[in-house]
Every structure is written in C-alpha cells, then in structure tokens.
Amino acid sequence: MFACIYIPDFPAEAIIRFDPELRTRCVAVLAGRPPLEKVIALNDKARQSGVEIGATRAQLEAWGELVLRTRSQAQEDSAHAALLDCAQSFSPEIEDTAENTALLNLAGLEPLFGPVSKIARDLAHRISKMELEANVAVASNPDAALLAARGFSGVTLIAEGHEAERLGDLPVDVLLESFASDAQEAARWLETLDRWGIRKLRALASLPEVPLSERLGQQGIRLQKLARGAITRNLRSFEPPLVFAECVQLEDPIVLLEPLAFLLNRMLEQVCVRLGARALAAQELRLQLELEPCAQGRKFDVPAADDQHGHVRFTRTLRLPVPMLDVKMFLKLLQLDLQAHPPGAPIVKIYISAEPARPRATQSGLFLPPFPEPEKLELTLARIAGIVGEGRVGSAELLDTHRAGAFEVRRFAPAQPETKSATRKKNGGVPKDDNTRQVEENPQATMSAVLALRVFRPPLRAVLTMREGKPVRLRCLQREDIAGEIVWTAGPWRSSGDWSEQEGWSREEWDIAMPAEDGFVLYRVVQDKLQGKWFVEGTYD
Amino acid sequence: MSAFLVLSTPALSRPFIFAAQPLLKKLGSVPKLAQVTPASQLEVRPAPEMVSSGIAALDGLTGGWPRGCVGEIFGPVSSGRTGVVLAALARSTQSGEVCALVDAGDTLDPASAAAAGVDLGKLLWVRCGKAVLSARGKQMDCRNGDELDIAAERRRWELRLEQVLKVTDLLLQSNGFGMIVLDLGDIPVRNARQIPLASWFRFRRAIERTPTVLLVVEQQPIAGSCSSVLVKVSGKKLSAVSSHLSGNRPTHTELLDKTEITAELLRSRLERKPPQSAVSFASRAKWAG
C-alpha cells in the first residue's frame, strides 16, 4: 500500500504555518511585481467569502477582513522540508513528488505502526502538529493515492480493487492537474474531454480503449488507466537531507526583543517537532537575523556581514552541552543570548537552524555522586552570565606558561559521572581515574590544607621602601589598611618570559609578612621590572 | 495539665476564665487549624550525611561538612580560611562531585586551587564584580589613585553582594551541586552584615533536602542561626611565629610552609559531640608537594 500527503493551497499554508491565528481569517497570497501583484493562493475562508485566484491587490485592498500576504519562498521551503520530515518519520521509502505532495511506501509498516487506517490517521495528526493542513490518502498504488489525496479532503482509504469506483467521483481536472506535463497541455486535454461531455473520471474510465487510443493516442490510454487507478509503479526514492531549518520573512521589521520571542517560539516549536519526528535532538542552534541596513557608524560587537542587498546578517550560535529537544529551554537560552548581544537594528528576516544529533540516553546509577542536569545547568549558566557578565563564569584552566596567574575561563562542561561497569568497560578493566583511586585507596594522601593565594584583580599599586636590598616598609596606594612595617621577607624571585613577543614580562616577587591585629598577614608583592612599579598581588590565606 | 486562658474585654473589666480544653476543641474544628501539627508530633529530622572536609584534623573536630546544611568558616586574612575551603573542594571534586565557587571578590588563584587538588574541570567558578569594575576605574581616574571614596567603595561591595545573592539562588535552584562555596572573605564586615537574614533562611530552606553543602567563607559570622556548623580559623600569633623563625630573614619555607592553623568549633547543631573544641594542623605551601 502507498500513502500520499497533499497540502492544498500550499503558499497560503506555508504562511499560516508561522502565524496559526490566521487560520480563522481570510488569507490571500499575492505574487508578482508590485503594483501588479495577483492572488496565487487562498485559504478556504477566503474562497468562501468570494475571493478568486488572479485578483489584483488593488481589487482586494478595500476588502476589510481579508489578510493579504506576499508569497515567501523561504517559508515554502521550510513547509516542504517539514512535509518530507513527516513522511520520512513513517517510512524509509518516500518520493518527493512536488513541493506540496509526498508519497510513502507503507509496505511492512503494519507491525510497527498498526493497521493502514491507523497509519493514515497518524500521518494526518503528525502533519497537523507541524501546523499544516493536509489531505492524506492510502491506496494500493502511488498514483491512485495521489489522485485521492488531491481530490478528497481529510483522510481517505481506498481498498485494493475499489480504486476505479472511488476515484470515479472525482472531476477530470484533478487528473489533468496531477499528470499533465504543463498547464497548456492540461487546458487542451480538458477542452477535448469537455467537448465529449466527460467531466468525471468514471466517464473517462468507461470509454472503450481502442476508439480512445485512435483519437487521443497512448497518452489517452495512460490517462484512462490512471482514472481507473490501474497503473502500478515504483516510487522514485528520495532521502531528505538532515537539515532542520526554519525561515520567516517579516512583512514589517521587528525592533523589540519581545515580539521576536513570539516568532522564535513558533519557529523553535517547528524545528523541535521536525527533529522529534526523525528521533533526533539539537546539538547546536544557529540563529541568523537579517537586519535593515544599519545607521552610519553603527558597530556590531558580534559577527555580522552585509549581503548583496545591503542587508546585514547577524548570527548567534548556541552550542549545547548535550543534545536537547526542549522548546522552552531553547527559547530562554536565545532570549538570554540576545539580551546580552542585541542585534542593534530592525529585523526583517529570521532564520533558525539546528544541528541534529542522536538524543542523549543516560542510565543514572544509584551510587553515583550528585550531578546537575545538563539542560538545567546550561540555562543556569546563561542566567548567571547575564548577571556577572560573559566570560566570568565557567571553569578555570591553567595555561602552559611560566607567566604568573595565567589561566583561561572555559565553558563549564563537567564530564558526566559514569557507572562502575561503564568506567571499567571504558578503561579496559581499570575502574577509576588516578584522582578517585588516590582518594579511595589512600584517604590521607591529600588530607591537608594548602596555603593559598588570594589574588587582587587588578593588582594594587604600592610603594615599597627598600633598605639594604630588602623591603622594609609597604604602603598601598589604593587601600589604606595595607600599610606598615614589614617584619619578615622572603625573596626575591625573579622571572621573565615572552621576550620575543610584544607582551614580554619581567617581574620580581617578594613574600612579606606584616603585623595585624590577630597575628600577621602574608602578602605577595611584585615589581614589574619593565615599568619599575610595585604592586601588591595578593594575600596568602 | 490544667491550662487556663485569661481574657479581658473593654466592656467588662472583670476577667473571664475559660477552661482551655473546650477552646482547643473548638479551634481544632476549624479546617485550617486542624492541619497544624503540634510541635510535639513534628517529624525528627534524620542526621545529615557528612562530607569529608579534606583535612583529617578538621574531620575529627566537626565530623566533616553536613549535606543539606549551611556551614560557616570565618577568620581574619592569612588565617588559612581559603586553604580549608580549597581542601573541602578538592575532596568533593576528586570524588566526582560538581562544585561551585561564588567568588565575591574575584580572588581565587586557580594555580593554588590546582595545587590543593581541586579538579578545576568540576569547579564552576563565578567571578562577581564585572559591572562594578568599570565604575571603579572611573573612580580611580578622577582621584588619581590617592584616596578612597568611601561611599563609592561601599556601593561597589553592595553591587557585588547583590550578584552573589542572585547567583547563589540560581545555583541552589539548579540542584545537583555537591558543594557550593560563597567566598565573602574580602567583603568588609559592615557590608557582609547587610545581607538580610531572610536570604540565609532561604538558602537553608533551598538546600534542606538536597545533597548540597553550602559553605560560607567570611571575616565574621553572618548567617546567624541558619548555619549548622560554625568554625573559626586563626593563624599563628606573631610572637609564636617569631620564636620559630631563624633571625630576621627567614627562608621561604619557614615563612609559607607548615604554617600552623587553629580551627575552633564555635557552634554545631548536629547531634555529634566533638571530642575537643579546637584542633591545630599545619598547612603546606603549594610548591611543597
């Protein structure tokens, strides 16, 4: 058996998909060069209210309730990709018949998804979750399914052997629109059949074959077989690429982030539904905003590039710690990111794409240490970055250099704890890493405190008085409480490096002790040999 | 037990005496009040699980740090507070837990932390104070670095404290951290005491039934009754040190290695009774191995 998914009024559906509130209103889609735009698609409400294909914008502008939208190729591409994803989620063998039509081979799917009638209903349900209204038909051959989907609305099931009977009620136009090579040929055939008084497929199917062949040739015979639902063929298999992108061209530019969030939410919902249909999750999200040409002198603090139309492209990329499929999470992360890096100009086009990955499958262990959920942690980190600033939250990593205090703050992505069996399997029989083994086998190994340095950032300017080559008095210029006689000193330790670089450094360190109320305080004072200035770098604690 | 309530009304100056029992019955019939559990029937909280502090002597004193509770470490500068905290973080991260350090003064030296044994990959470091650095820069410019503007300095610390409280709330809500350390060690006591007690109660409530240890490092105790364990850390006195040092010019080892730290348990809300109230242990310099 074969199934066909057909989306009527495709250009209108592609627009309504990103604005579902339009479904209750009359919508007409215009195309062409302004001001000579004409209607190319309508939704049912508009058709019922009397709007016709081919009407001009000037004719419709006085129509108060009618919503006029310009055709968007980007949105149609997204809708087409969604249609193919829906088909692919049920069957590995699909045919990309047209931008609004997909065919599926249902052979062997019954043990997986249930009877054919259930598969048809599930197909209709899934496509509606993608905010597309489609007709679904199931028949014993692809072309019969295609005709039924184009001719009957809703879900249609045609039992094997009943194709001619069910398809007989359809008008000839459906057949010609589906199988004629172009519109002119379809019009010519229609005119001929109309002259013969043939308006339904039943009439065409009942014509005697030989006279029909004499008058219309082999093409006539083929059309008659199609009308009887008697042609069987293989599908032209197509595997849709794993591209999960949604695009919206805006009628009016958006300036504020709040209305942008509504649109992002809808787009993310669609991306997630499509990913979910293919049993995938997102590893990376990429948001591309097309901005109106920016004001003179405006500088972007994020990657931006001009396209050929003078629009500026503003791109943000969210790399996720683990594959996720949570619309709310994605939206919040994007919102926080955009708050930290606003686009800076009105937005005219939004493009979101997701890098697909297999969903995370974890088996939590009863005896594993507590670990934050990666999804929740990512959101927490984004929120914290919003408070303390980007680059000020993460994990420290020491750099391989002799320069004092050289480190980088990296993105915080701790490795997930593994169960003992998993660790053993991974290490080929060695169950733990060095640190864990050290702690468990010899609990006293690290059981002591280290005298740690507490660093002043930036270092505090100071005046150091030297006598006989050693410091005797310290006065900090930025903190009055750090001043007085030095009671003990240790040093100097001189070091330098990066001579060949522009940022060469040379320093002399002293560790000093100064009396305090509760004992003494240990400081590290440093002289920058290149500048000749003294600094208090930190305290030992 | 015979309990009586004595009431007086404005109209009648003569006191009315009621037996308590009928009144309690009446109150008990009110649906809202019927749900109130008497104090005598409250569930006894189980003793919290203890996490090693990473220092054997301190474990002997406190039994470690309790999970789901607030612990406070306080002491003056150079008393060894940071070393104690890093030891606890090292222990937790080495056992596979994820920890967080909310660094109010942005004073952590990652090299010292690594030397203490902290697995830096498992430590989330939040460096507070970005917004105030620029303000400080302006302040320095206008004064040529000669004197401090007290009001601006106070405001600077207030802003940092705001960040600390917001970040701590977020971390506690996200769950899953083995230990969260609030390093308020450089915040002036006057500013640190401005943290409302309600915040500490909120933090305590947030971690109550979680495996998280919330450690606060400070100069003076500030969490009040919210902390379950309060430890005072102090370094050696000047006179005690001077007797050990060789002359006026000690070696680096003498100055920084094997510095004696005294930890005193001032408060413990746990049932465990410590064998002594204070212990001493030696710290090691990070280069001492």
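Predicted model: local features only at pLDDT ≥ 70, side-chain atom pairs only at ≥ 80, totals over all residues.
## Where the chains touch

Let's start with the contact between the two chains. Chain B puts in 77 residues and chain A puts in 61 residues. On the chain B side, the elements giving two or more residues include helix 4 (81-94), helix 7 (150-174) and strand 12 (278-285). Helix 4 of chain B supplies the largest share of that side, with 8 residues. Sorted by class, the side of chain B that touches chain A has 35 nonpolar, 26 polar and 16 charged residues.

Strands from the two chains line up in an open sheet of 11 strands with mixed pairing, in the order 15(A)-14(A)-7(B)-6(B)-8(B)-9(B)-5(B)-10(B)-11(B)-12(B)-16(A). Strand 15 (407-410) and strand 16 of chain A sit at the edges with a single partner strand each, so one side of each has no neighbour in the sheet. On average, neighbouring strands are turned by 30° against each other, direction ignored.

At one end, strand 16 (residues 449-451) of chain A runs parallel to strand 12 of chain B, and 3 bridges join them. Here A:Val450 has B:Arg284 as its bridge partner. Within chain B, strand 10 (residues 227-234) and strand 11 (residues 260-268) run antiparallel and share 6 bridges; B:Val233 is partnered with B:Ala263.

Helix 4 of chain B packs on this sheet, and the strands it touches include strand 16 of chain A and strand 12 of chain B. The direction of helix 4 of chain B makes about 135° with that of strand 16 of chain A.

## Domains of chain A

Chain A is assigned domain 1 (2-62 + 70-228), domain 2 (244-357) and domain 3 (453-540). Taken over C-alpha atoms, the centres of domain 2 and domain 3 of chain A are 49 Å apart.

Methods:
Residues numbered from 1 in each chain as written. Chains lettered and ligands numbered in written order. Contact = placed C-beta atoms within 7 Å. Helix = DSSP H or I, 4+ residues; strand = E, 2+ residues; numbered from the N terminus. Nonpolar A, V, L, I, M, F, W, Y, C, P; charged D, E, K, R; others polar. Pairing = 2+ DSSP bridges. Domains from an automatic or database assignment. Axes fitted to C-alpha atoms, helices over the stretch in contact; angles between N-to-C directions.
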